[in-house]
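Here is a short report on a ligand site and a chain interface. Please look over the sequence and the structure first.

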Amino acid sequence: MTTPAGDLVLQRLTKAYPLPDGGALTILHELDLTVPAGETVAIVGPSGSGKSTLLNLIGTLDQPTSGTIHLGQTEVTSLRGQSLAEFRARALGFVFQDHHLLPQLTAIENVLVPTLASRPTADANARASALLDRVGLSERRDSFPSRLSGGERQRVAIARALINRPQLLLADEPTGNLDLDTGASVISLLLELAADQGATVMMVTHNPEQAARCQRTLRLREGRLVPQGAPA
Amino acid sequence: MNLYEGIRVALMSLVHNKMRSFLTMLGVIIGVAAVIIVVAIGQGLKKDTMSRIERMGTNLLMVNPGPSRRGGVVQEMTVINLKEEDAVEIAKTVPGVAGVAPEVRGRVQAKYRSRNTSIQLVGTSVDYAKVRNWKITEGRFFDDSEVRGRKRVCVLGSQVVTDLFYGKPAIGEFVRINGMPFEIIGTAAEVGAMWGSPDSTIVAPLTTVMYRVLGQDNLSSITVSARSAEDVDKVEKGIEVLLRKRHRLRPGQDNDFNIMKQSMFLESMAEAGETMTRLLGAIALVSLLVGGVGIMNIMLVSVTERTREVGVRKAVGARKLDILAQFLVESVVLSTIGGVLGILVGIGFSQLIARQSGWTAIISVSSIIYSFLFAGAVGIFFGLWPAKKAADMDPIAALRYE
Ligand SMILES: Nc1ncnc2c1ncn2[C@@H]1O[C@H](COP(=O)(O)OP(=O)(O)O)[C@@H](O)[C@H]1O
Ligand SMILES: [Mg+2]
């Protein structure tokens, strides 16, 4: 049912913004990285070090200046238009710092939003209910986001990210707006659900405890990966 | 995203913002309602006018002295030569004729007690009431012996009764016409404003008016009714042949008379009504367009407000086309709901106006269909640009949007 597992491979991935004076502001410097399928990875680093930029590149929301990203056999950076949209819907799940739920839709409808695009499946409804059940919100399926607490909203967002059984779950400071306890339980859910599906997880966090729950921690500093074992 | 889902999602967005959705629709509602009302009242007025004319008879022809009007210029005739004999001969010899009313007209002073008015006096034969479908409500029309005897009797149009008698019974009273007393033997029902309406005239025997009042024996016109609408053309031809012979016109010489048909008048009336309806309808359509601009304005605001929604949708795999469709469906749903409400409001107001004014309102199915389709087209046209703007958004910028 899930798409064939595949490693995430970044090669000499570079992101730079042109400066008005003709030079360039390089945010990410020739990153090389391999994440085996199903691994959970925490990305840590000071603000402005390029964590979100990296996640957005992997998530195809942004285009690299040079370098490549592969997910299994797919060369992600060359996708455009229809196939890009399909790739996002099929292979990727996003959880943002802000829940980004649509205010006019109920919890269950928000979970179903990714299924509206391109390929509606018959069992989507059942699956959305099951996911809401799994994140402990089966009672709140018809509530609008404005009636949910921060933690509940983020749990709906996790269900939404997983509705299409993505291969890769990208989370950018998913607990950034939550208190510590709520954050911890949200992370637990996220990791559990991802593990259920065998999804690869890339999660940006500032919380060392959360990072410790991932199998590997990547440190970013000024757009470069700090070698494993080096001082933080 | 399939269309059904799209409409459902669009409806949810619109319901989420009820007041704004309604205000946005208001432009379209007013525009569509205006179109419906204008067309309904226009068609109603047209029908009223037509039926009024028809009540007078569609089989009417009017023979006037002088050649027919060319290029809107009335050619002045020195010799006016329609005589009573012409009318008599038409009645006697032209096939298909049902009635003939020779008419001589002139302005006179009519006086009753201290009330004095300048009025049109018509001298005619007994056929007049029948030919013109003139209903005598009280008293009677004059008869042949009164015409032959040049009797001073008269019948009053409804407006004259109002003006001189303030609507009180007038039968048996005497009205002075140019100083001569005429006995009032009948009063007529109101006909309404129209071609040669007899409401504001006094009608008296032809001979009396010719020889006792106006002192002339030339006719102003001859009104002829054909037996049926099909006979009208035949009668026209017959009259032409007869009068040319009687007036000793050589072949190639122009007619010294002209014949107008009621049906011609009917057609031009209908055309004028149509033109008026079209014109007002066009103005109403412009207001519908203005309503469309309102939709575009709100859709632009809505797209900006929902920038992050667009970002989320794109991040989870919505194609440009999906985003475009989403906003387009929303504006079309807005405009068509506005259209439906506008149609209902339009129908309601047309009926109300009709009831208040005594006019007829005719709600035509085509005006409903056209204004509905037009409202839909307005939604597409004015929704396209905002939808395109949303579809072209960069997902990261959209997600970051505060
Ligand atoms: N569109 C842009 N133009 C120029 N600089 C940008 C742009 N987007 C992000 N940056 C810069 O990239 C750097 C990394 O940003 P980001 O990836 O958001 O950092 P982090 O998520 O680690 O806090 C920051 O210095 C930021 O100012
Ligand atoms: Mg960040």
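What is the count of salt bridges between chain B and chain A? The count is two. This is a predicted model.

**The interface**

One salt bridge joins B:Arg308 to A:Asp98. Their closest N and O atoms are 3.4 Å apart. Polar contacts also cross the interface of chain B and chain A: the rule finds six residue pairs, with both residues at pLDDT 80 or more.

Contact between the chains involves 24 residues of chain B and 22 residues of chain A. The size of an interface is often given as the accessible area lost when the parts come together. Here chain B and chain A bury about 2100 Å² between them. Carbon and sulfur atoms carry 63% of that area.

**The ligand site**

Ligand 1 has residues of both chains around it. From chain A come A:Tyr17, A:Ile27, A:Pro46, A:Ser47, A:Gly48, A:Ser49, A:Gly50, A:Lys51, A:Ser52 and A:Thr53. From chain B comes B:Arg400.

Which element gives the most to this shell? Helix H1 (residues 51–58) of chain A does, with three residues. By class, the shell around ligand 1 has three nonpolar, six polar and two charged residues.

| Residue | Part of residue | Atom of ligand 1 | Distance |
|---|---|---|---|
| A:Tyr17 | side chain | nitrogen | 3.4 Å |
| A:Ser49 | backbone | oxygen | 3.3 Å |
| A:Ser52 | side chain | oxygen | 2.7 Å |

How much of ligand 1 does the protein cover? On its own, ligand 1 has 560 Å² of accessible area, and the protein covers 64% of it.

Technical notes. Residues are numbered from 1 along each chain as its sequence is written. Chains are lettered from A and ligands numbered from 1 in the order in which they are written. This is a predicted model: local features need pLDDT of at least 70, side-chain atom pairs count only at pLDDT 80 or more; totals for chains, interfaces and linings use all residues. Side-chain values use heavy atoms; hydrogens and water are left out. A residue is near a molecule or strand if one of its heavy atoms lies within 4 Å of it. A polar contact is a pair of N or O atoms within 3.5 Å; within protein, one must be able to donate a hydrogen and the other to accept it, and residues adjacent in sequence count only if both atoms are side-chain atoms. Accessible areas come from the Shrake-Rupley method with a 1.4 Å probe; for residues, only the protein chains shown count as cover. Helices (H or I, at least four residues) and strands (E, at least two) are DSSP runs, numbered from the N terminus. Ala, Val, Leu, Ile, Met, Phe, Trp, Tyr, Cys and Pro count as nonpolar, Asp, Glu, Lys and Arg as charged, and the others, Gly among them, as polar. Contact means heavy atoms within 4.5 Å. Buried area is the accessible area (1.4 Å probe) that two parts lose on being put together, summed over both. A salt bridge is a side-chain nitrogen of Lys or Arg within 4 Å of a carboxyl oxygen of Asp or Glu.
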